[in-house]
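This report describes a ligand site and the pocket around it. Please consult the sequence and the structure shown here.

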Amino acid sequence: MMSNRTFTMIKPDATSKGYTGAILDQIIKAGFSIKAMKWTKLTKEQAGLFYEVHKERPFYPELVEFMSSDKIVAAILEKENAVADFRELIGATNPANAADGTIRKIFAASIGENAVHGSDSDENAAIEGDFFFSKLERF
Ligand code: ATP
Ligand code: MG
């Protein structure tokens, strides 16, 4: 069964450039409602754990360094077909390949510093939401 929930982070490149409000505005206008939200900064250890599936990839050290370099916004979002619709809203991993109007096309600088994260499955959306939020912090 589909959960209708996904998990996102506004990444350090976007928060440090002052894009947080504009990105949240696009997310809300696209029909997602915010079920949990947090402004925080990951330690290297936390960033490493979050992206552990990519541990063997050549870009992993760079990814961990980047994701712990500045503040992020973490959020649980709800909408029908949330995971797939949110991936469509953010666009391709590499902003050069992202469709016009997508969040990464508008706000991302490069394949590494690409403004937002979006879960790739219902299962990972639940795992990633649990990584950041207790039961008391979600609605
Ligand atoms: P995310 O999981 O952050 O939503 P994604 O699912 O589009 O992104 P993944 O393949 O899961 O892409 O990669 C996770 C993150 O690792 C990317 O968003 C990006 O920040 C970084 N990354 C991926 N590929 C590269 C690469 N070739 N060089 C540098 N960084 C990369
Ligand atoms: Mg991914």
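## Pocket definition and basis

On a 1 Å grid over the protein atoms alone, a pocket is an open set of points where a 1.4 Å probe fits, with protein on both sides within 12 Å along at least five of seven lines. Lining residues have an atom within 4 Å of a point. A volume is the space filled by probe spheres set on the points, which are joined across faces, edges and corners.

The model is predicted: local features need pLDDT of at least 70 and side-chain atom pairs pLDDT 80 or more, while totals for chains, interfaces and linings use all residues. Residues are numbered from 1 along each chain as written, chains are lettered from A and ligands numbered from 1 in written order, and side-chain values use heavy atoms, without hydrogens and water.

## The largest pocket

The volume of the largest pocket is about 730 Å³. Its lining comprises 26 residues, with Tyr51, His54, Phe59, Leu63 and His117 nearest the centre. Ten of the lining residues are nonpolar, eight polar and eight charged (Ala, Val, Leu, Ile, Met, Phe, Trp, Tyr, Cys and Pro count as nonpolar, Asp, Glu, Lys and Arg as charged, and the others, Gly among them, as polar).

Helix 3 (44-50), helix 4, strand 4 and helix 7 (122-132) each contribute at least two lining residues. Helix 7 contributes the most, with four. Helices (H or I, at least four residues) and strands (E, at least two) are DSSP runs, numbered from the N terminus.

## Ligand 1

Ligand 1 sits in the largest pocket, meaning that more than half of its atoms lie within 2 Å of the grid points. The ligand is surrounded by 14 residues (a heavy atom within 4 Å), and the closest are Lys11, Arg87, Thr93, Gly112 and Asn114. Helix 4 (60-67) and strand 4 (116-118) each supply at least two residues of this shell.
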